[in-house]
Amino acid sequence: MEAVLTTTKFRILGFGSREFSLNPGPFNMKEHVVITIFANAGISFQNGSAYAVGIVNIIKAFYGRSISFGASWLLIITTQVWDTVGLGF
């Protein structure tokens with residue numbers, strides 16, 4: 001990513017003289033591992049939807065309760081990552 005993204009500096013009005021760049025600099029091993037885990041989490045069930053999406057739908061349809069976006073996202077991501085790293089049952 002460091003070689004591809006621009007190093008142009010940008011400023012946002014209202015933030016004074018602070019600048020930022022879209023180029024994150026060199027990635028370390030931890031960042032590569034996290035990207036790989038999240039990328040593989042989407043395909044861990046033979047290109048189907050995440051198993052936990054069904055759980056969220058069941059909570060809404062059968063129990064008539066709403067679940068917040070944050071709780072839904074946390075449930076789906078944790079179950080997918082758990083399966084992706086090989087710890088799923």
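## Asn 23

Asn 23 is buried, as its relative accessible area is 14%; buried denotes under 20% relative accessible area, exposed over 50%, and partly exposed in between, using a 1.4 Å probe and protein chains only. This residue belongs to a predicted model, in which local features need pLDDT of at least 70, side-chain atom pairs count only at pLDDT 80 or more, and totals for chains, interfaces and linings use all residues. Residues are numbered from 1 along each chain as its sequence is written, and side-chain values use heavy atoms, with hydrogens and water left out.

The position of Asn 23 is the loop between β2 (19–21) and α1 (29–41). Its side chain reaches the backbone nitrogen of Gly 25 at 3.0 Å. When neighbours within four places in sequence are left aside, Asn 23 is in contact (heavy atoms within 4.5 Å) with Glu 2, Leu 5, Thr 6 and Thr 7.

## Overall architecture

The protein contains 3 helices and 2 strands, arranged along the sequence as β-β-α-α-α. Helices (H or I, at least four residues) and strands (E, at least two) are DSSP runs, numbered from the N terminus. Of the 89 residues in the protein, 9% are buried. Among contacts between residues at least 6 apart in sequence, 35% join residues at least 24 apart.

## Confidence

The average pLDDT, the predictor's confidence in each residue from 0 to 100, is 78 for the protein, and 79% of the residues score at least 70. Confidence is highest in strand β1 (residues 9–11), with a mean of 88, and lowest in α1, with a mean of 76.

## Ser 72 in helix α3

Helix α3 (residues 69–84) includes Ser 72. This serine counts as buried because its relative accessibility is 10%. Apart from neighbours within four places in sequence, Ser 72 is in contact with Val 56 and Ile 67.

## Surface

The protein exposes about 7,300 Å², of which carbon and sulfur atoms supply 65%. Accessible areas come from the Shrake-Rupley method with a 1.4 Å probe; for residues, only the protein chains shown count as cover.

Phe 10, Ile 12, Phe 15, Phe 20 and Leu 22 make a nonpolar surface patch of about 460 Å². Within this group, Phe 15 is located in the loop between β1 and β2, and counts as partly exposed because its relative accessibility is 45%. Patches are made of residues with over 30% relative accessible area and no salt bridge; like charges are joined within 9 Å, and nonpolar side chains (Val, Leu, Ile, Met, Phe, Trp, Tyr) within 5 Å. A salt bridge is a side-chain nitrogen of Lys or Arg within 4 Å of a carboxyl oxygen of Asp or Glu.

Definitions and conventions: A polar contact is a pair of N or O atoms within 3.5 Å; within protein, one must be able to donate a hydrogen and the other to accept it, and residues adjacent in sequence count only if both atoms are side-chain atoms.
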